[in-house]
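Please look through the following structure with me before reading further. The numbered points below are meant for someone who has not seen it before.

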Amino acid sequence: MAQNRRLFFIILTILTSLFAQAENGINSPYSRFGLGILSDQNLAVNRQMGGLGYALRDKSYINLLNPAAVSSADSTTMIFEGGFSVQNGNFKEGATKINAGNASFDYLAMGFRLKKNLGFAMGILPYSNVGYAFSSNETILSPDGDTNGAFSSIYKYNGNGGLTQPFVTIGWGITDNFSVGVTASYLYGEINHNVSNEFTDNNISNRTRQYNLDVSSYKADFGIQYSGKFSEKHSYTIGAVYSLGHDLNAEAQLIERKVTSGTAEYSDTAIFASAINLPHTFGLGFTYTYNSKWTFGADYTLQQWGESSFFGDNIGSDRSKISLGVEYNPNKISRNVLKRTRYRAGLYYAEPYTEFNGKKGCEEFGASLGFSLPMTSNNNMNNNRSILNVSGQFVRINPKTEGMITETYLRLNIGVTFNEFWFFKSKVN
């Protein structure tokens, strides 16, 4: 037991260090809008099922999408989860195609039961990510069309940063069927965007724009779940969540400069005292389980970004997301590892939360397949309930405006759930 705990803290220290140093794994020009590419707070099981989670409830893993689910924590075990992903992205604009690979360490979480019907979880995960670098080149002719006087105009765009979300969650089972929960998070991070317009003609001034956003605020999420049975083999769970929308009181800067022949001619800084709002978010989910083997579920999410502003511009758009998922568990108590393995699949569709030039941004489609494989020790099968979670995702980001880039991702997600008997008291006869 002591050896397991020492190993746990060693792994925790290593993974925490990796999370702090890891790149965000984003390389998308669309991350220059809003707060960047949003993370949907998904851990391993949620990713396997298309982002499903509002009505998932199981003591063998942590489900952060609904705080009420944490109340299902087992009385004898400590759960620790960590996950990372690797992906290959294809970017297509007309006949032009570019491929890029990325990797990221995605989340850390741990959970256990404080007392009967009271579960606790804590960890860290991203809220949004920003990462891109691209340029465009235009040849400008002289007014009479003479190519001898032509020069180039080069636009360069790059950005980095994102928001990170350390959190604590408490879930309380008020009755055997009904539970509630709350997640309190500290939201922090910096987002930087840079745009420059450079000319090969030294007589024309180069211009730069630099956007900087610094966030340090809170986030609060609330959830409820109700479970019941239609009959002995037919059970269900209903879940609902709400996330508080509020002004982040984040200060943003817009710095504009004009430079000619290396000499700064002009510099101006604009300050936005209230640069961004978090949206009110509502979610509703349902799962149906047959004979403790098959589970089917659906989630609907609405984020009211339409009332949000970014760097002083009201360019938010309400975002809806639909997730569908299924799980098959052949036999939970079999000694055969493959029969105890859980197989999952899911689909989702999400609308954009930002607008480009008065039109909605990019809609997103995703499909996933995965499994959760018990890592069982031959010498101690009953005590070792740790799990290897693997899933593959196909994601398509499709712009609603013509002439924009279409993105396609193939992503491999790998997570490990350490689930050990930490609080079990051995009885000596």
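1. In which helix does Arg47 lie? Arg47 is part of helix H2, which covers residues 44–48. Please keep in mind throughout that this is a predicted model.

2. Is Arg47 buried or exposed? With a relative accessible area of 14%, Arg47 counts as buried, because the cut-off for that term is under 20%. Leaving aside residues up to four places away in sequence, Arg47 touches Asn42, Ser85, Asp106, Tyr107, Ser368, Ser391, Gln393 and Asn413. With Asn413 there is also a polar contact of 3.2 Å between the two side chains.

3. Turning to the nonpolar residues, the largest core is made up of 20 residues, and those with the most contacts inside it are Leu35, Tyr127, Leu163, Leu213, Leu248 and Trp305. At least two residues of this core come from each of strand E4 (118–140), strand E5 (151–173), strand E6 (178–199) and strand E7 (206–231).

4. Trp305 deserves a look of its own. Not counting residues up to four places away in sequence, the residues that Trp305 touches include Leu35, Leu38, Tyr127, Pro279, Phe310 and Tyr353, together with Asn277, Asp318 and Arg319.

5. On confidence, the protein chain has an average pLDDT of 84, and 83% of the residues score at least 70. Over residues 378–384, however, pLDDT stays under 50, and for this stretch the model has eleven contacts beyond four places in sequence.

Terms used:
Residues are numbered from 1 along each chain as its sequence is written. This is a predicted model: local features need pLDDT of at least 70, side-chain atom pairs count only at pLDDT 80 or more; totals for chains, interfaces and linings use all residues. Side-chain values use heavy atoms; hydrogens and water are left out. A nonpolar core is a set of buried Ala, Val, Leu, Ile, Met, Phe, Trp, Tyr and Cys residues joined through side-chain atoms within 4.5 Å. Buried means under 20% relative accessible area, exposed over 50%, partly exposed in between (1.4 Å probe, protein chains only). Helices (H or I, at least four residues) and strands (E, at least two) are DSSP runs, numbered from the N terminus. Contact means heavy atoms within 4.5 Å. pLDDT is the predictor's confidence in each residue, from 0 to 100. A polar contact is a pair of N or O atoms within 3.5 Å; within protein, one must be able to donate a hydrogen and the other to accept it, and residues adjacent in sequence count only if both atoms are side-chain atoms.
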